[in-house]
Amino acid sequence: MSCSRMEKQMLPYVDGRLKVSEQREVEVHLAACPACQLRVNEFRAVSGLLDELPQIEPSGAFDARVRARVAAEPVKQSWWAVFAPSPRAALAASMLLLATIWIGSRPTPTTPGNSQNVAVYPGNIDPNDLPVLENYDILANFEPLTDLPQPVQGDDSDEVDGNQAM
Amino acid sequence: MARSDVQLMLDVKAGDEQSFALLLQRYRSPLVNFLYRMVRNREQAEDLAQEVFIRVYRARADYVPSAKFTTWLFRIATNLALNSLRDTRHQRMELSLDAPVTADAEDGDERALDVADKHPDIEQHLVEEARKAMIKHAIDKLPEKQRAAVLLHKYQELDYGEIAKILSCSESALKSLLFRAYETLRVELAPLVARG
């Protein structure tokens, strides 16, 4: 192993994080290289010095502040939540459906007093079909049609004769 | 048996707020310490640590245990710290011109050296304080990425693969980065290293 390759192995060696085979390789090099051996010793000393720095403790209010911020986070709703049944919406939809069914199935009210005004239509006309009924009323009561002159009775030869006489 | 970080996070995803409280309890101190060493300001470190936890909480719905939880957690923390350092670089340069001579800032208060201290072993105390200040100063002087690598390696005891993922580099590049950092520390701390 060269000194330059030792550079990447030096700290893992100091940490004791090398595989057994790599560790043996490093030790063989160190036995023959006083410069690398010195550096390994110094790295160990540096590592020991870094251990001397005390740890700090988070302030007493730290947890409370994190919890407060978490509590203030908006509740995240998934896109699919739009389709999730809401009790109020379900009730409103049910009521609307029931009302529609009720109105649709209700029989047409007939007022007894006005029975004489109820029109009577031929059997092939649906009394509930308003456009057809309108057309029927117009045609049934279309006066110009009733005022048409009666067709003239007689034959053509009389007319010819009359003209000739004139 | 204690639940793993991943299991806790999956429980948070399922809506268990108590599991989030356990993660908070487990990582509040490591995170605050890491961030404090990175940004060198206790208040700012706590703000950033809060932000890390909030981001974890916000991401709970999309959480997939594809990597170790600590890798994800410290990746968020490192990115926040590096961004914060970048954003406040100009401000810190201005402040450093007026900074007082300090012994140690472990408690977050930049305490000036107090020669009138009535400590019985005042000399010993001052030596220890100076020693800590020197170590802290040496870490602070490291370039930001090297500093993050040293802190994650030394204090969080993460393995090389995890740290490489956090810092978005190869494992080989990380080992070079750490070697350069330790070389700088070896030089900066030479008086203490020689004394052993």
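**Contact between chains A and B**

In this predicted model, the contact draws 27 residues from chain A and 32 residues from chain B. On the side of chain A that touches chain B, three helices each supply at least two residues: α1 (3–15), α3 (34–50) and α4 (62–71). The most comes from α3(A), which gives seven residues. By class, this side of chain A holds 14 nonpolar, three polar and 10 charged residues.

One helix pair across the contact was examined further. Two packed helices are described by the angle between their axes and the distance between the axes. Here, α1(A) packs with helix α9 (residues 171–188) of chain B at an angle of about 80 degrees. Their axes lie 9 Å apart. Angles of 65 to 115 degrees count as roughly perpendicular, and α1(A) and α9(B) are therefore roughly perpendicular to each other. From α1(A), the residues involved are A:E7, A:K8, A:M10 and A:L11. They meet B:S172, B:K175, B:S176, B:L178, B:F179 and B:Y182 in α9(B). The contact of these two helices comprises five nonpolar, two polar and three charged residues.

Confidence was then considered. The model scores ipTM 0.82 and pTM 0.68. Chain B has a mean pLDDT of 86, with 84% of its residues at 70 or more. Within chain B, confidence is highest in helix α7 (residues 144–154), at a mean of 96. Confidence is lowest in helix α5 (residues 89–97) of chain B, at a mean of 66. The pLDDT falls below 50 over residues 101–115 of chain B. Beyond near neighbours in sequence, that stretch has 22 contacts in the model.

Notes:
Residues numbered from 1 in each chain as written. Chains lettered and ligands numbered in written order. Predicted model: local features only at pLDDT ≥ 70, side-chain atom pairs only at ≥ 80, totals over all residues. Contact = placed C-beta atoms within 7 Å. Helix = DSSP H or I, 4+ residues; strand = E, 2+ residues; numbered from the N terminus. Nonpolar A, V, L, I, M, F, W, Y, C, P; charged D, E, K, R; others polar. Axes fitted to C-alpha atoms, helices over the stretch in contact; angles between N-to-C directions. Parallel < 35°, antiparallel > 145°, perpendicular 65-115°, else oblique. pLDDT = per-residue confidence, 0-100.
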